[in-house]
Amino acid sequence: MATTIHPPGAKEIRDLRPSNTSGNGGRRDRVPAGSELRAVQEYAPPPASTGVWVFVAGVSMTFAALTSALVVRKGGALDWRHVTLPSILYLNTLVLLASSVTLEISRCHVAAFMGGVKATTGNPARWLYATLSLGMLFLAGQYIAWRQLSAQGLYLATNPSSSFFYVFTAAHALHLLGGLFAMGRVIRKLNEHVLSRATLDATAHYWHFMDVLWIYLLVLLWMKL
Amino acid sequence: MHDMSAPAHAAQAPTGFLSKHVFSLDHKVIGKQYYGLALLAAIIGMFLSWVMRIHLGWTSFAIPGLHFLSKNGAPGDVMTPEYYLQLMTMHGTIMVFFVLTTAPFAAFGNFFLPIQVGAEDMPFPHFNMMSFWITFVSFVVMVSSFFVADGPTLGGWTQYAPLSAMGSVTGPGQGLGVVLWASSIAIFCIGQLLGSLNFITTTLDMRTKGMSLWRMPLTTWAWFITSIMGLTAFAVLMPACILLILDHVAGTSFFVPSNLVVNDQLQPHSGGSTLLWQHLFWFFGHPEVYIAIVPAMGIVSHILMANIRRPLLSHRILVYSMGAVAVLSYMVYGHHMFVSGMNPISSIAFSFPTLIITIPATIIVLIWLGSLYGARMRLNTACLFSLGMISMFITGGISGFFLAQPSLDIMLHATYFVVGHFHFVMAVSAMFGIFAGTYFWFPKMYGRMMNDTLGKIHFWLTFVGAYCIFMPFHYLGLASNVRRYQAFVDDYLQPLIPVHRFITVAAIATGLVQLIFLYNLIHSRFWGKPAPDNPWEATSLEWSTSSPPPFDNFGGKLPVVYHDPYQYGIEGSTGDYVMQTDPQQIQTQGDEA
């Protein structure tokens with residue numbers, strides 16, 4: 001099989017493969033003759049952006065596994081007892097939704113600040129502090145929900161529905177706690193003027209995912225428990 | 001302020017012993033640490049298999065020194081039946097998790113993935129460091145179960161409920177042993193998730209200029225596909241292990257049904273589903289075995305090309321096939337549960353994709369075999385182990401056809417036929433892939449060549465030895481030899497005991513042969529011949545940098561990629577190949593632009 005080398009002036013390329021081979025050996029992805037380097041996408045997204053979605057995929061699989069465990073455990077079980085969700089959970093949901101709102105507001109403020117726009121009033125981090133506070137308020141509310149449930153005599157091992165309530169809410173709370181640490185890191189970096197947009201965006205995406213996940217869990221627990 | 005996260009090596013190389021060799025952020029050091037962990041785990045796992053095999057051949061034999069490991073488990077150095085099951089459980093767990101998942105994926109992947117895509121390091125080096133140390137902690141927790149009062153758990157690496165979920169009433173090691181096992185595995189899952197995060201992000205975002213996805217080597221593709229499997233599979237195993245721990249320590253009943261009487265005691269649990277554990281476990285478990293073998297497929301493909309000096313028949317189809325295997329792996333897990341009591345219609349639903357998955361796997365094998373046809377091979381040790389891996393994989397794959405059919409699996413389930421199948425197709429194949437990778441990449445990792453003569457002796461003795469050990473397993477299984485038995489007292493099993501003794505002798509002999517490998521490894525590390533940058537005349541990016549690579553992989557200047565890594569059999573400036581970084585532009589007649 002003849003081969004040609006480019007640029008001109010170089011010696012003829014010899015194909016050294018044995019002549020009894022068939023096909024072209026699956027040769028692909030050659031640099032086109034006489035052309036520029038193959039155009040490869042120069043821009044790659046910041047790793048933090050990709051990384052957060054990879055992490056979200058993993059967390060989603062964990063909660064999918066727990067959901068299927070719930071469905072299987074409930075199906076045909078004679079010991080399943082309905083659990084009325086503590087009403088504070090609905091208030092907690094509003095708190096978490098509010099934290100997503102404050103997070104979006106803070107992103108606008110931080111973006112303006114990072115873009116060099118003179119700050120209108122106050123510290124650009126204050127809306128981030130608000131988000132952090134609402135997140136902590138949510139966790140406190142979850143703890144109160146647990147106390148309310150245990151006041152009714154429903155503990156982790158009382159019956160399978162209460163078990164799943166505690167497991168789901170604890171798993172979500174642990175992941176939200178991780179989100180709080182990430183938020184704290186963002187605030188620290190902002191105060192030290194070393195915050196990158198990718199870090200803020202990644203943290204924000206994760207936080208909103210925690211929001212969406214909580215709404216999913218609330219509906220799931222309300223329907224199934 | 002900039003948008004991109006700063007790469008790890010924007011700063012200088014670390015100084016100080018701890019930050020250089022222990023808590024290193026350098027992916028190369030982390031890869032070597034994983035390799036060392038896998039090596040230690042393999043030695044322990046092999047030792048466990050020896051002790052198991054001696055007991056199987058000579059049940060009342062007193063193995064000298066065994067009572068030091070467990071006074072209760074081996075009084076007078078004679079293994080109790082329960083202790084056999086405990087050792088068997090630890091053998092399987094340690095080998096599957098800490099050798100087969102760790103070495104081909106975490107060890108070689110961590111070392112070479114960033115270099116093969118032309119990056120200075122992975123994007124989250126702190127997570128990477130944490131992933132190793134979390135895995136190490138997981139290993140310590142697992143091994144610690146040997147030293148607790150009752151010993152390790154005895155329920156097999158699969159830990160089926162309700163045996164695994166009811167506590168110490170079901171046997172020694174079933175209390176604290178199970179909690180330690182499940183905790184260790186849950187910790188292991190976290191480590192692997194952090195590792196997968198780095199692998200996926202590196203592959204997608206950290207490729208150097210000119211490195212399109214289709215210009216990545218097959219090893220990079222294999223690690224990328226494996227990391228996606230790892231992300232999704234380990235994320236399911238972790239909550240399963242947590243639910244199992246809760247059944248033990250918190251009195252819940254996720255997996256334990258009602259009205260169970262064990263040792264004349266009515267168990268307090270109620271309502272749980274034993275099949276739930278199997279579904280959760282095998283949803284992880286089947287992708288796990290592909291996590292073990294897909295990196296080895298990539299490694300073998302990569303090494304074969306460099307040694308047959310021409311491209312494989314089709315690289316894209318090989319990548320698509322590895323991807324198809326990965327996707328299908330989630331649909332086949334029920335073939336481990338054909339006789340579990342689940343709906344037989346489900347068995348058909350799982351059997352069909354199990355047979356379908358043989359198609360991409362066979363395509364991969366045929367691409368290998370077809371590429372070998374007419375090739376002038378450089379038969380160095382790495383190439384031999386690659387060929388050996390193909391042989392082992394074909395052998396193991398053939399027995400899979402039988403097990404994929406529920407009607408046959410009714411007979412073969414829980415016999416030695418299954419044990420022979422998975423040892424060939426997963427364990428020995430991946431081990432040969434690990435050996436191939438070691439002999440191929442040792443010069444790059446340590447700057448020294450391994451002794452090829454010793455390597456060839458190691459290969460031939462291991463190859464023959466592995467067949468001597470595991471081929472008879474198929475015969476035993478067809479003769480209805482049940483697995484996970486510590487002794488064979490039934491009449492119909494007596495004629496098979498000489499076969500077991502033969503296997504035991506072969507196992508110990510083959511294990512001793514590995515001392516040649518260990519000697520070669522250690523001797524070459526310190527006194528091996530210095531290695532050139534590209535001893536195998538290979539094309540991918542790891543061979544364009546020095547042996548070993550500098551701290552930031554490329555000496556401060558990231559490579560620019562002009563070619564795919566399949567440019568073998570073409571006269572280039574350095575020989576019959578063109579490296580990915582060579583700016584020579586080449587076109588072949590009849591080729592796609």
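Where does H8(B) bend, and by about how many degrees? I looked, and the bend is about 30 degrees, at Trp282(B). For the record, a bend at a residue is the angle between axes fitted to the seven residues ending there and the seven starting there.

Ground rules first. I am working on a predicted model, where local features need pLDDT of at least 70, side-chain atom pairs count only at pLDDT 80 or more, and totals for chains, interfaces and linings use all residues. Residues are numbered from 1 along each chain as its sequence is written, while chains are lettered from A and ligands numbered from 1 in the order in which they are written.

**H8(B)**

I checked the span next. H8 of chain B covers residues 274–308, 35 residues in total, and its first and last C-alpha lie 51 Å apart, close to the 51 Å expected at 1.5 Å a residue. Helices here are DSSP runs (H or I, at least four residues), strands likewise (E, at least two), numbered from the N terminus. The expected span is 1.5 Å times one less than the number of residues.

I also looked at burial (buried: 20 or more other C-beta atoms within 10 Å of a residue's own; exposed: 12 or fewer; partly exposed: in between; C-beta atoms placed from the backbone). In H8(B), 32 of the 35 residues are buried, so the helix is largely enclosed by the rest of the structure. After H8(B) comes Arg309(B), with a positive phi near 60 degrees.

**Helix pairs**

H8(B) packs with H9 of chain B (residues 315–328) at about 175 degrees, the axes being 11 Å apart. That makes the two roughly antiparallel (over 145 degrees; under 35 is roughly parallel, 65 to 115 roughly perpendicular, the rest oblique). I found Tyr290(B), Val294(B), Met297(B) and Ser301(B) of H8(B) meeting Leu318(B), Met322(B), Val325(B) and Ala326(B) of H9(B); contact means C-beta atoms, placed from the backbone, within 7 Å. Axes are lines fitted to C-alpha atoms, for helices over the stretch in contact, and angles run from 0 to 180 degrees between N-to-C directions.

Then I took H4 (81–117) and H7 (218–249) of chain B, which pack at about 125 degrees with axes 10 Å apart. H4(B) and H7(B) are therefore oblique. From H4(B), residues including Phe105(B) and Gly109(B) take part in the meeting with H7(B), where Trp223(B) is one of the partners.

**Ala13(B)**

I found Ala13(B) in the segment before H1 (17–22) of chain B. Ala13(B) counts as exposed because it has 11 C-beta neighbours inside 10 Å.

Key
Contact = placed C-beta atoms within 7 Å.
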